[in-house]
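Please look over the structure shown below before reading on. The briefing that follows goes from the whole chain to one part of its surface.

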Amino acid sequence: VCHSVVHQIDNAWGVAQFPLVPGHEIVGRVIAVGPGVARFQVGDRAAIGVQRNNCGDCRCCRAGLENVCPKILKTYAGPGND
């Protein structure tokens, strides 16, 4: 268990949104793909880390530093749904 999960459960950073399903290293198998998907096929293993999106246009993203994008969306403790 990553210690950041414990911080989220305890709301130590003051940003937790409840209800919360802790964990951010998620791995699974692709069970379906849409018509525009070329990178994955049914049965492939896929994973996502703590970051699920970024703006792709700021100075950080253009420099390959998406993990520090000011508009980062996290797998948990962030707004929105996927």
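A contact means that heavy atoms lie within 4.5 Å of each other. With that in mind, among contacts in the protein chain between residues at least 6 apart in sequence, 27% join residues at least 24 apart. This is a predicted model, in which local features need pLDDT of at least 70 and side-chain atom pairs count only at pLDDT 80 or more, while totals for chains, interfaces and linings use all residues. Residues are numbered from 1 along each chain as its sequence is written, and side-chain values use heavy atoms, with hydrogens and water left out.

**Fold**
- The protein chain holds two helices and four strands, where helices (H or I, at least four residues) and strands (E, at least two) are DSSP runs numbered from the N terminus.
- Read from the N terminus on, the elements follow the order α-β-β-β-α-β.

**Extent and burial**
- Taken along the principal axes, the C-alpha atoms of the protein chain fill a box of roughly 40 × 30 × 20 Å.
- Of the 82 residues of the protein chain, 17% count as buried, a word that means under 20% relative accessible area, whereas exposed means over 50% and partly exposed lies in between (1.4 Å probe, protein chains only).

**Around Val-33**
- Val-33 sits in the loop between strand S1 (26–29) and strand S2 (45–48).
- Val-33 counts as partly exposed because its relative accessible area is 40%.
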